Amino acid sequence: MCRRLDEWLFEPGVFFALDATNRRVPGVPVASLEQGHDLIAQGGAVASIVGRLRADFAAVDVDVAGVPGEAITDAIASWCDRVGVWHVVRPSGGAPGRHHVIIRAATCRDGLEELIAQLRASWRASATMIDLRSALRPLSAPHRLGGWVPPYRADEALTGLASVGESIGLTSHGVAAAEASHTGSARGKKKRAWTPAAPRTPRRTYARRALPPGWQTYLATGRKPAWSKAHSPTTDTSRSTYELMCTAAMVRAGMSHEEAWHAIETAHPDAMTRSRTSWQRWVRAVWNIAVKSDDDFAPVPRVEGPILHATQEARDRLRSLAWTLEMRERVSVLAVATVLLHRMERESSLRVPCPERDLVLDTGIRSRTTIRAVLRRLHGVLGTLHTDSYDFAQRATSSFEFEIPAASGVVRDIAPPSLHIPLAPTLPGELPPAAWLVLASLDSRVGLSVEDAALKAQLCPAPGEVSGWTRRQVLRHLAHLQAHGLAQVSASGEWTRPQTLPTLEAASVEQQVVRERIALERLVFRERASAWVLARRASIAACQERAQRWWAGLDVGERTLRVQRLSGEFSSLSVWRQQQRKRVWEERNLRRGVELAQRHAAWLNAQDRREFERRREERRVWFANLAQPLRQAYATSWEEHRWRYGYPTLVDEPR
């Protein structure tokens, strides 16, 4: 009951830890009342906590021992009774006679101050002996030198809760529940208004696919699928369990709640019998639970060894680069690079797409200009930014790609990650990129001090240098994470993150605004080209038409000489250079809308058969005279080129 009183008397999230010497414990913020009690229970430096009362309340600290303290406290309580204001009295601990009197002083603060002045004068007490304050130890917190001190006159305090609750913005249901839990009377309870449950939307996006065969059979025949744990005596094998498992399979199959309900309604009479009786019950007790379980599911990442070694070497290069940058640029570079490296680990690939708009959503950096500058900064240092992978003809499905080199071959003992870094859509919208880097630096297995977290997140001016300003900023970020359940601190000031991070019920307002803006930008970009893009396309088409007219105006001899010269220059290139040159030509043709396979078939049909046979024989002799490694290199390059651009493999066709 004391904790319930504290939740309504004190401002939420405004607490700090106190040690046995009555000093504030540095580096240990307290985000909530519950976290404060957890710190006290650890038995470390935290002996108690102090909070701030709400604006409508004030506390009188009577620090006078013995009979005078009892008399002063009784005088304050009697005055509260005369003026009709709510109050609660509790011994403050330390010595008999010392008390705390918490008063609802919203309408009588002037009179309370006059009373305190009169008591100080009559008892010849100083301002510290009879003190009016707004910061106080909560009722449920122990004294710093002793055990928990119970509140005095708790019955009277609870009796006045209902009248006080509505005036300070507390819910009438919460007040009534508090009274009922204390008095045990059913009359104090109020029925909550019943509201229909809204179907939750899964946070993960699954591609639509068929249900597993076992659940298809269950919906078609009512026969339950085999389950390895069904014979365990501790396993719940009731109908509700199977219906929840079937609904969870529907979620993972990419079905919406409408599709899932339609499948339930049209299923066999012996299947989903309890769920079919009530749509609202199924949504509230089955569908929403299955969706929440899927949202909270955080599998332990399994990263392949070569990928993990390559990303670890890339992180070493990233740390060296980050120390050379100014703090503002450093935060952006670290955020974008960390997202790219974790994407490579998730997808088990050293080359991943890096659309600017996706990085805006994943990192929380609102500016695409900043994202673009960061990608250019990472090019050549962390890895390679491939701009040739973007296809103008397929703008909706292509983008730039980022690639890091494979590991150097030096095998190191690298501990696997405990969990992947959460992306911005799963975090509070007001979380800045610097706080996200602090979250990425925390581990669920090993605690870090504020200084270690600052060094690991690279938010300090230089390696090994943690200034006072840096410490305060990192501590502010840690307290922000702690308030959202993303970080936790021990009584010794070491920070960790929980094994399972909390998930948001829905996207925050800030994230929803960014999502809508990105969706609109993509819609405009894919469906309608700007005036500049249209003018650029017209200019390119005019240049191509002019080049074709120029080539057609040359005589046959001039064209033959030019073809021979260009063919000789191409043949003198290395195998790798030839492959790169052909790839540039093919990508340019694709951007122009050329169908490569159709053009190749038309060229092949237009060949003179005798000239075709002559060139084929020349190429066969040339290929046979090459060294074996060079022949292998040419064959590999040709096959890779055919596979990439969809050319048919014809044995008799000249290359």
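Trainee: Which residues of H26 are buried?

Mentor: First, the basis: this is a predicted model, in which local features need pLDDT of at least 70 and side-chain atom pairs count only at pLDDT 80 or more, while totals for chains, interfaces and linings use all residues. Residues are numbered from 1 along each chain as its sequence is written, and side-chain values use heavy atoms, with hydrogens and water left out. A residue is buried under 20% relative accessible area, exposed over 50%, and partly exposed in between (1.4 Å probe, protein chains only). Helices (H or I, at least four residues) and strands (E, at least two) are DSSP runs, numbered from the N terminus. In H26, the buried residues are Tyr634, Ser637, Trp638, His641, Arg642 and Tyr645. Because they cover an arc of only 130° around the axis, they lie on the same side of H26; the arc is that of the directions from the helix axis to the C-beta atoms.

Trainee: Why do residues three or four places apart in an α-helix point the same way?

Mentor: An α-helix has 3.6 residues a turn, so residues at that spacing point the same way. In H26, the face turned away from the buried side carries the exposed residues Pro629 and Trp643.

Trainee: What span should the 18 residues of H26 have?

Mentor: The expected span is 1.5 Å times one less than the number of residues. H26 comprises residues 628–645 and should therefore span 26 Å; its end C-alpha atoms are 26 Å apart, which agrees. The residue that follows H26 is Gly646, with a positive phi near 75°.

Trainee: Is His641 buried or exposed, and which residues does His641 touch?

Mentor: His641, which is placed in helix H26, counts as buried because its relative accessibility is 9%. A contact means heavy atoms within 4.5 Å. Leaving aside residues up to four places away in sequence, His641 touches Lys582, Arg583, Glu586 and Tyr647.

Trainee: Which residues of H18 are buried, and what covers them?

Mentor: Helix H18 (residues 450–457) buries Val450, Ala453, Ala454 and Ala457. Seen down the axis of H18, these residues fall within an arc of 100°, so they line one face of the helix. Their cover includes helix H14 (327–347), helix H17 (433–441), helix H19 (468–483) and strand S13 (495–496). Just after H18, Gln458 takes a positive phi of about 60°.

Trainee: How many salt bridges are there?

Mentor: A salt bridge is a side-chain nitrogen of Lys or Arg within 4 Å of a carboxyl oxygen of Asp or Glu. By this rule the count comes to 24. One of them joins the side chains of Glu403 and Arg351, at 4.0 Å from N to O. This pair links distant parts of the chain, with Glu403 in strand S11 (residues 401–403) and Arg351 in strand S9 (residues 351–353), 52 residues apart. Glu403 counts as partly exposed because its relative accessibility is 29%, and Arg351 is partly exposed at 30%.

Trainee: Which salt bridge do Arg565 and Glu569 form, and how far apart are the closest N and O atoms?

Mentor: Arg565 and Glu569 are bridged with their closest N and O atoms 3.4 Å apart. Being four residues apart in helix H22, they are separated by about one helical turn. Arg565 is partly exposed, with a relative accessible area of 44%, and Glu569 is partly exposed at 42%. Elsewhere, salt bridges that share partners join Glu356, Arg357, Arg368, Arg372, Arg517 and Glu521 into one network. Helix H22 (residues 556–571) also holds Glu558 and Arg562, four residues apart, whose side chains meet in a salt bridge at 3.1 Å, N to O.

Trainee: Which residues form a nonpolar patch on the surface?

Mentor: Patches are made of residues with over 30% relative accessible area and no salt bridge; like charges are joined within 9 Å, and nonpolar side chains (Val, Leu, Ile, Met, Phe, Trp, Tyr) within 5 Å. Here Leu520, Leu523 and Val524 form such a nonpolar patch, with about 250 Å² of accessible area together. Accessible areas come from the Shrake-Rupley method with a 1.4 Å probe, and for residues only the protein chains shown count as cover. Leu520 belongs to helix H20 (residues 509–527) and counts as exposed because its relative accessibility is 54%.

Trainee: How many helices and strands does the protein have?

Mentor: The protein has 26 helices and 13 strands. Of its 655 residues, 40% are buried. The protein exposes about 36,200 Å², of which carbon and sulfur atoms supply 54%. Among contacts between residues at least 6 apart in sequence, 68% join residues at least 24 apart.
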